[in-house]
Amino acid sequence: MDLNTLLQVLDSTVRLGTPLLLMCLAGLFSERAGIVDIGLEGKALAAAFFSASIAYISGNVWLGLLAGIAASMVFSLIHGIASITFRGNQLISGVALNFLASGLTVLIAQDWFRQGGRTPSLGDVRFHELTLPFADALRPVPVIGPIYYDLISGHSILVYVAFLCVPVTWWVLYRTRFGLRLRAVGENPAAVDTAGISVVRLRFSAIVIAGLLCGLAGSYLSTGLQAGFVKEMTAGRGYIALAALIFAKWRPWYALSATMLFGLLQAVALRYQNIDLGGIIIPVQFMNALPYILTIVILAGFVGAATPPRAGGDPYVKER
């Protein structure tokens with residue numbers, strides 16, 4: 001494999017791994033606060049639809065981004081009300097949101113656009129690739145030039161925002177009072193409550209942040225990675241993000257590595273449809289299934305022990 005081919009594969013890895021990274025960080029905030037969030041898929045799907053729809057209707061991709069984030073946050077608040085306020089089953093609430101988003105997006109898209117549950121093509125009303133400073137000047141430089149020009153430069157702004165979210169997430173969780181309290185809520189909410197800190201407020205803060213990140217992920221899918229919304233365009237990415245979160249053991253920097261691994265598998269599957277290994281042909285169907293196979297392997301527990309926050313999934317009932 002020559003350098004150009006390698007850079008093309010890695011470039012696709014970054015593009016395909018970006019929505020996974022954002023959803024994985026969303027799940028990290030939520031689960032660190034003790035809220036299991038199966039609804040990442042639904043929130044990103046709702047964000048993808050409303051982002052593309054409003055961008056098309058208004059002709060402004062930034063308004064579309066705001067609409068996508070707002071839609072995701074509404075879904076997050078529904079999950080919060082069901083699982084925090086009313087202490088419902090967090091898994092059932094998340095799955096219900098996924099079903100709601102799956103049906104609602106197609107229903108509204110058909111009512112608004114009459115194109116079989118999809119939005120019209122956005123054309124130029126989308127996030128375009130950015131050329132970073134000195135990219136053109138460094139392009140002729142051997143090795144360094146192609147890496148900077150073809151791999152680091154040339155992505156939409158949401159890709160750079162996603163990568164910036166990793167150190168920001170690490171700093172918030174491990175270097176701020178809010179992060180310390182958030183992690184404590186996921187481990188021992190009773191102790192946090194005893195200290196006079198609102199468990200409910202902290203958990204709602206976590207799911208609002210998760211809604212923001214899922215909104216960015218969904219908006220990127222429909223206005224950055226693609227130019228419009230299509231039915232079920234998240235394609236299980238929310239579940240893959242959850243598997244990556246377990247693989248990353250609920251740590252931000254590990255989340256980056258885990259999601260880029262899944263992105264690499266998707267990039268390889270797209271580029272190499274049929275692989276010949278000494279006369280043995282690996283079919284395209286197997287290549288396309290690679291990310292999902294890895295998800296099953298991770299969820300089956302074959303990657304080593306991963307200990308989730310101890311209070312994850314348990315509604316908190318304040319002692320009288």
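Predicted model: local features only at pLDDT ≥ 70, side-chain atom pairs only at ≥ 80, totals over all residues.

Leaving aside neighbours within four places in sequence, S222 is in contact with A48, S51, A52, L122, A227, G228, F229 and M233. S222 is found in helix α10. Is S222 buried or exposed? The relative accessibility of S222 is 0%, so this residue counts as buried.

**Next stop: T234**

Select T234. This residue lies in the loop between α10 and α11. T234 also has 0% relative accessibility and counts as buried. Which residues does T234 touch, setting aside those within four places in sequence? They are E41, A44, L45 and L221.

**One step along: A235**

Now pick A235. A235 too has its place in the loop between α10 and α11. Look at the backbone here. Most residues other than glycine have a negative phi. A235 is not a glycine, yet its phi is positive, about 50 degrees. The relative accessible area of A235 is 37%, so this residue is partly exposed.

Move on to W250, in the loop between α11 and α12. Phi of W250 is near 60 degrees, again a positive value in a residue other than glycine. Is W250 buried or exposed? W250 is buried, with a relative accessible area of 5%.

Nonpolar side chains tend to be buried together in soluble globular proteins. Select L21, L22, L25, L213, L216 and F262: these have the most contacts inside the largest nonpolar core, which has 56 residues. Next, colour the helices that build this core. Each of these supplies at least two of its residues: α1 (3–32), α2 (40–58), α3 (61–85), α7 (157–175), α10 (199–225), α11 (237–247), α12 (252–271) and α13 (284–299). Which helix gives the largest share of this core? That is α1, with eleven residues.

Stay with L22 for a moment. Not counting residues up to four places away in sequence, L22 touches A162, C165, L213, L216 and A217. L213 and L216 are also among the residues with the most contacts inside the largest core.

Another core lies apart from the largest one. This other core has 17 residues, among them A48, A52, I108 and L122. Select those four and bring S222 back into view: A48, A52 and L122 are among the residues in contact with S222.

**Zoom out**

Show the whole chain as a cartoon. The protein has 13 helices and two strands. Along its principal axes, the C-alpha trace spans about 70 × 45 × 45 Å. With 320 residues, a compact globule would have a radius of gyration near 20 Å; the protein has 20 Å, which agrees.

How much of the chain is buried? Of the 320 residues, 49% count as buried. Now think about contacts between residues at least 6 apart in sequence: 78% of them join residues at least 24 apart.

Then colour the charged side chains. The protein has 22 positive and 16 negative ones. The centres of these two sets lie 10 Å apart.

Conventions
Residues numbered from 1 in each chain as written. Heavy atoms only, no water. Helix = DSSP H or I, 4+ residues; strand = E, 2+ residues; numbered from the N terminus. Rg over C-alpha atoms; globule rule 2.2 N^0.38 Å. Buried < 20%, exposed > 50% of the residue type's maximum accessible area, 1.4 Å probe, protein only. Contact = heavy atoms within 4.5 Å. Lys, Arg positive; Asp, Glu negative; His and termini not counted. Charge placed at Lys NZ, Arg CZ, Asp CG, Glu CD. Core = buried A, V, L, I, M, F, W, Y, C linked by side-chain atoms within 4.5 Å.
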